[in-house]
Amino acid sequence: MTDAAPAGGPVASRSAAEVVERVVENLQQAVRAPRATLELCVLCVIAEGHLIIEDFPGVGKTVLAKSVARSLHLSFSRLQFTPDLLPTDVTGVNVFNQRSGEFEFRPGPVFANVLLVDEINRASPKTQSALLEAMQEAQVTIDGVSYPLEQPFFVVATQNPIEYEGTYPLPEAQLDRFTARLALGYPPFGEETRMLAEQTTVPPLDLLRPVADHDDLVGAIEAARAVYVEESVGAYVVTLLRHTRDSSMLALGASPRAGIALLRMAKARAVALGRDYVVPDDVQAVATAVLAHRVIVAPEARAAGLRGEDAVERALAEAPVPA
């Protein structure tokens, strides 16, 4: 294992880039998905964000979440969201200990470095909201007492894009907490053939070993925080946000929180490429994954078959790029 990277500077950026490369290569051994998709997933971890994966069943969403945890040697927990799930099933609950005569806190599944929330839209809004404080403030509050979550804390939530019966669509406030949205898609013919052979003998996930440790990850996160953002690049991010707000395609554009997430992902991409500064290409490369799920398409645009991704791509095409 490498030592934790010092905060800031090109040396830290190179060290962080090595960590990202090792993790992505390790993920490729277990997850049959495009490399760019796996890179975005790792960038989301480095950016201290959370990820929502919207895709069909059986394409490897759970394997991806488990592979990230194993590659980085992080604790993992899984929650299957169902209509009868309660908020305390997520966060934990105070239980009375008859022997001591006092209440004791029993932590819920949210107390893990990587939390997989399977089919997040199948639980009630009350249960969904139990994640809000954890995702935004890295803590949970039970009976007036706040309990900090171990860092890093990374939520991977999944949704099925075709089955909506008996589901509760996530409100915009909840979607806005997810840094990026990805889809794995079906693998190419050759990859799917290889996957069938692997999964019916020894699944690659069983053989996956850590390629980085907690210090490596913390060093990469600190290096990403320290990445320099020139004023014109920051203004470019704001220009993209305002373009979505003024777009006739959208009923609701991207929020300032979306801009923060976009810049954090751009900084993570810069450090993954060994740079200690952000360029417009970094913003453009992650913009669709970060912004598309945060905007609401206008009814007439939706009727024409347009999506949030189309609005973001138009913003990228029309917003002036700083030299």
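At 30% relative accessibility, E222 counts as partly exposed, where buried means under 20% relative accessible area, exposed over 50%, and partly exposed in between (1.4 Å probe, protein chains only). E222 belongs to helix α10, residues 214–225; helices (H or I, at least four residues) and strands (E, at least two) are DSSP runs, numbered from the N terminus. The C-alpha atoms of E222 and A12 lie 8.6 Å apart in space, although 210 residues separate the two in sequence. The model is a predicted one, in which local features need pLDDT of at least 70 and side-chain atom pairs count only at pLDDT 80 or more, while totals for chains, interfaces and linings use all residues. Residues are numbered from 1 along each chain as its sequence is written, and side-chain values use heavy atoms, with hydrogens and water left out.

We can turn next to the sheet. Strands of a sheet pair through backbone hydrogen bonds, either parallel or antiparallel. Here, an open sheet of 5 strands runs in the order β2-β5-β8-β1-β9, with parallel pairing; two strands pair if DSSP finds at least two bridges between them. At the edges stand β2 (76–80) and β9 (180–182), each with a single partner strand, so one side of each is left without a neighbour in the sheet. From one strand to the next, the twist averages 20 degrees, with axes taken as lines fitted to C-alpha atoms (for helices over the stretch in contact) and angles running from 0 to 180 degrees between N-to-C directions.

Walking across the sheet from β2, the pairing can be followed strand by strand. β2 and β5 run parallel and are joined by 5 bridges, and Q80 has D118 in β5 as its bridge partner. Strand β5 (residues 114–118) is in turn joined to strand β8 (residues 154–159) by 4 bridges, again in parallel. The parallel pair of β1 and β9 is held by 3 bridges, and I52 finds its bridge partner in R181 of β9.

Strand β5 is also worth a look for its burial. It is mostly covered, with 5 of its 5 residues buried. V114, L116 and D118 point one way from β5, L115 and V117 point the other way, and all are buried. By contrast, P125, in helix α5 (residues 125–128), is partly exposed, with a relative accessible area of 46%. P125 and F153 are 28 residues apart in sequence, and their C-alpha atoms are 22 Å apart in space.

The structure holds 0 disulfides, a disulfide being a pair of cysteine sulfur atoms within 2.5 Å. C41 is in no disulfide, and the nearest cysteine sulfur, that of C44, is 6.9 Å away. C41 counts as buried at 1% relative accessibility, and C44 counts as buried at 0%.

Open space was examined last. Rolling a probe the size of a water molecule over the atoms shows where empty space is left. On a 1 Å grid over the protein atoms alone, a pocket is an open set of points where a 1.4 Å probe fits, with protein on both sides within 12 Å along at least five of seven lines, and lining residues have an atom within 4 Å of a point. Grid points are joined across faces, edges and corners, and a volume is the space filled by probe spheres set on the points.

The largest pocket holds about 540 Å³ of space. Its lining counts 20 residues, with E54, L175, R181, H293 and V295 nearest the centre. At least two lining residues come from each of β1 (51–54), α7 (172–175), β11 (296–297) and α15 (308–318). By class, the lining of the largest pocket has 10 nonpolar, 4 polar and 6 charged residues, with Ala, Val, Leu, Ile, Met, Phe, Trp, Tyr, Cys and Pro counted as nonpolar, Asp, Glu, Lys and Arg as charged, and the others, Gly among them, as polar.

The second largest pocket has a volume of about 420 Å³. Among the 25 residues that line the second largest pocket, E48, H50, M135, Q136 and R264 are closest to its centre. Two or more lining residues come from each of α2 (35–46), α6 (130–137) and α12 (256–272). The lining of the second largest pocket comprises 13 nonpolar, 5 polar and 7 charged residues.
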